Structures are given as structure tokens and as C-alpha cells.
Amino acid sequence: MNALRALEQTVLAEGREWTRRRLEQRLQAESDALPTNCPQTGQPLTDTRWRPLQLHTVVGVVGVRVRHGYSAALGRRVCPARQAWGLSPYQRLSPEFEARLTYTATEVGSYERAARMAGTWGSPSSDGCIHEHVQRLGAAAAELRLPVPAPPPQEPKFSLVIMLDGWMARERGPDWGAGPRKKDPQRIAWHEIKSAVIYRLEQRAQSASGRGLLVEKYAVATPPETSPVDFGAAVQAEARRRGLGREQVVYLVMDGAVWLWDLADDRLKNACKTLDFHHARDHLWAIAHLVHGEGTPEARAWVKPLLKSLRTGGEARVVRRLEQLLETPAACATAQADNLEREVKYFQSHRDHLHYDAMEQAGAPRGSGAAESLGKQLQQRLRGCGQSWSRSGLTHLLRLCVLVKNRDDPFLWN
């Protein structure tokens with residue numbers, strides 16, 4: 001091994017051992033100083049005894065002696081030290097160790113990788129331990145009531161951007177464990193995870209190379225088969241935490257899924273609603289292929305001026321041009337007439353959501369790229385090769401992923 005690396009590892013180990021002993025001494029001193037009273041009632045405990053307590057911490061295992069006693073009011077034995085340190089019954093991981101494992105488990109591709117990563121920063125753990133820890137904290141996250149940050153005394157004017165999307169997650173199907181004799185087993189079941197990104201328009205920026213980025217953004221993602229009503233409530237609750245109700249304008253950007261627009265009318269009726277430009281473009285190309293044939297020069301020549309009009313404030317002319325197609329006998333007589341009518345009605349239903357030039361002038365986004373980016377980030381953790389989740393396993397990890405992305409995970413311990 002490289003001599004410098006070996007020396008550095010030795011010194012790091014010495015530092016961890018010094019820190020471990022120091023932590024052990026501080027904990028023991030606190031345990032000795034705690035009164036022998038019930039933390040809930042304040043009444044003296046009876047039949048008190050000293051018992052050993054081992055905690056797995058970031059710097060290793062520490063061992064201290066703590067008092068246990070019987071509380072007559074509660075009818076059970078309690079440990080004042082556990083209460084003072086915020087430890088649940090039988091908890092063996094320190095809160096700081098839990099916090100680091102939580103972050104690691106949400107960022108890397110598997111629990112096995114999370115265990116290897118923990119070993120590299122000097123705090124070995126097993127993948128089973130991390131999995132169990134994530135399930136416990138994920139269940140606790142469901143009951144977490146996040147506070148609403150107080151606005152600053154002189155808050156500058158801002159506008160809020162909300163993007164909605166959905167992506168598919170792979171779960172274990174009803175025949176996940178079926179034997180080889182099972183005919184046509186349904187081992188995998190795909191379900192949609194509804195997600196959203198919320199940020200202030202003023203938080204948009206550009207890198208030195210001109211690439212767009214968001215200085216600060218917040219995520220919402222709900223477990224599979226969450227109803228649109230419950231998802232809408234979750235989005236609205238997070239938006240309120242980020243300033244909904246104090247903004248100048250709410251810009252809502254999403255694709256053409258019907259349930260999204262129903263949700264918008266229910267929860268964000270007064271928002272400026274925009275159909276994602278890339279979806280509008282794809283549907284315009286679909287019409288070009290239906291009328292002129294897929295991949296033909298005629299299709300390209302027909303669609304390019306319409307796309308330009310769509311981007312530059314001519315959306316009303318574009319919709320009218322499409323409506324005129326349905327008035328053309330030749331188009332209506334084709335075998336694709338039903339598909340053509342469906343595509344044109346798509347634009348008719350969104351004629352008030354195609355204001356891309358106005359969005360550009362306001363500095364607002366025309367597409368829901370941030371929401372799609374969030375979906376890809378979550379899929380890197382939750383839809384890796386070979387990953388098939390139980391509902392509880394997916395739900396608990398998803399909750400923690402969102403808390404970590406929003407930097408709300410410290411509330412799990414406070």
C-alpha cells in the first residue's frame with residue numbers, strides 16, 4: 001500500500017478512536033447527571049437499576065451505563081437517558097449515524113452499495129441493517145408534520161412555478177414468488193408515481209456555459225396508486241410551505257394527461273396553465289404524419305411553419321389551421337380520420353394553454369423539464385436494473401428520498 005495512504009488511514013483511525021472515547025465519556029457524564037424521575041410525569045422512579053447500553057455511532061460502538069426505573073403512573077419501566085437523547089425503545093443507532101445512513105441509502109443504487117459506502121467513510125454497517133432502518137424511518141415520515149417556514153419581514157416579490165408529471169415504477173406482481181409450473185405468471189406490476197417540482201421563478205439561473213439551472217427547488221412524490229385528489233393535496237401543501245398565497249403569479253406546466261388538468265382546476269384554479277411545449281410539438285408532428293405520411297418531406301414542410309407560429313404567439317392560427325383539416329374532405333376520407341380528429345381535439349381542448357411566446361416574455365418555462373428531471377433522478381434509485389419493490393419498501397424509501405431532496409430530513413430527529 002502507498003505509504004502516505006497507510007499513514008493517513010492510521011491517523012484517521014486514531015482520530016475516530018479518540019472521538020469515540022470522548023463521546024462515550026460525555027454520554028456517561030450526562031447519564032450520571034440525569035435525575036431519577038419519569039420524563040413524562042416528573043414523578044420519582046422506583047426500583048431503579050443501572051443497565052448497559054450500547055450505541056452504534058458514526059465513530060464506532062460506544063458503551064455506557066444508564067438507569068432504568070419503574071413509573072407507577074405509566075405502569076412500565078422507563079429509561080430517562082433514552083428519553084433525553086431522543087432514542088426509541090431498543091434503538092441501537094445514534095441519530096447522527098441514522099441521518100448519514102438515510103442520506104446514503106437515498107443517493108446510491110441499492111442497500112448493498114449503501115453499506116459499502118458507509119464502510120468507506122469509516123462507519124461499517126450491513127445492507128440488512130440499513131434496509132430495516134429505512135423502513136422504520138419511512139413509516140415515521142408518513143406521520144411527520146412539516147412546519148411552514150415563516151416569510152422574511154421584507155419578502156421580495158416572486159412568482160411560483162409548479163410542474164406536474166408521472167413515471168412508472170416496477171413492483172412485485174401477484175405471482176412474484178410463483179413456481180415454474182405457473183402459467184403466464186404476473187411477476188411484475190407497473191404503477192405510476194405522481195411527482196411535482198416547485199420553485200420560485202426568480203430562482204432560475206444559468207451556468208457559465210449557458211446551461212439552465214435552478215438555485216432552489218422542492219419535490220413532491222407520492223406512492224403508487226395514490227389518488228389524484230390526495231396527490232393534489234400533497235402538492236398544494238408543499239406549495240404553501242414554499243409561498244403559495246403570497247406569490248404574484250403561479251405558473252403551472254404539465255403534459256396533456258386528463259387527470260392533471262382536473263387536478264389543476266380543483267387545487268390551482270387561478271394558476272396560469274401551460275401545456276408542455278414538447279408534448280404539443282409531438283402531437284403536431286403526429287398530425288403531420290397522419291396527413292402527409294411519416295418521415296416524408298411534405299410532413300416536415302407542413303409542420304415547421306406551424307411550430308414556429310406556436311412558439312412566436314400564433315397559437316390561435318395554429319389551432320384554426322388544424323380545425324380546417326377536419327373541414328377538408330380528403331383528410332376526413334382517409335383511414336386515419338378518427339386519429340386525426342382525436343389529435344385536433346387535443347389542441348382544441350388546450351387552446352388556452354399554448355401561450356408559449358407570453359411565457360417566454362415573462363421568463364417562465366414553456367416545458368416541464370424540471371419535473372421530468374426529478375423523475376429520472378428518482379428512477380436512478382428506485383428503478384435500477386433488476387429492482388422490483390414491495391409496496392411498503394418502495395413507499396418508505398420514496399418518502400425519505402423526497403425529504404432528503406427538500407432538506408427536510410432533519411425533522412425526522414427534531
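## Helix α4

A residue is called buried when its relative accessible area is under 20%. In this predicted model, helix α4 spans residues 111–120, and Y111, A114, A115 and A118 are buried there. Viewed along the axis of α4, the buried residues fall within an arc of 100 degrees, so they line one face of the helix.

Just after α4 comes G122, with a positive phi of about 85 degrees.

## Q236 in helix α6

Helix α6 covers residues 228–241 and includes Q236. The relative accessibility of Q236 is 13%, and therefore Q236 counts as buried.

With neighbours within four places in sequence set aside, Q236 contacts L244 and R267. The side chains of Q236 and R267 are joined by a polar contact of 2.7 Å. V220 lies 16 residues from Q236 along the chain, and the C-alpha atoms of the two are separated by 9.8 Å.

## Nonpolar cores

The largest nonpolar core has 43 residues, of which I162, L164, L284 and L322 touch the most other members. Helix α9 (residues 297–311) gives the most to this core, contributing six residues.

Apart from this core lies another, of 42 residues; A118, A219, A370 and L378 are among them. A118 is also one of the buried residues of α4.

## Contacts of L284

Not counting residues up to four places away in sequence, L284 touches W302, V303, L306, L307, L310, V318, L322 and F347. One of these, L322, is listed with L284 among the residues that touch the most other members of the largest core.

Terms used. Residues numbered from 1 in each chain as written. Predicted model: local features only at pLDDT ≥ 70, side-chain atom pairs only at ≥ 80, totals over all residues. Heavy atoms only, no water. Buried < 20%, exposed > 50% of the residue type's maximum accessible area, 1.4 Å probe, protein only. Helix = DSSP H or I, 4+ residues; strand = E, 2+ residues; numbered from the N terminus. Arc of directions from axis to C-beta. Contact = heavy atoms within 4.5 Å. Polar contact = N/O pair within 3.5 Å; in protein donor to acceptor, adjacent residues only side chain to side chain. Core = buried A, V, L, I, M, F, W, Y, C linked by side-chain atoms within 4.5 Å.
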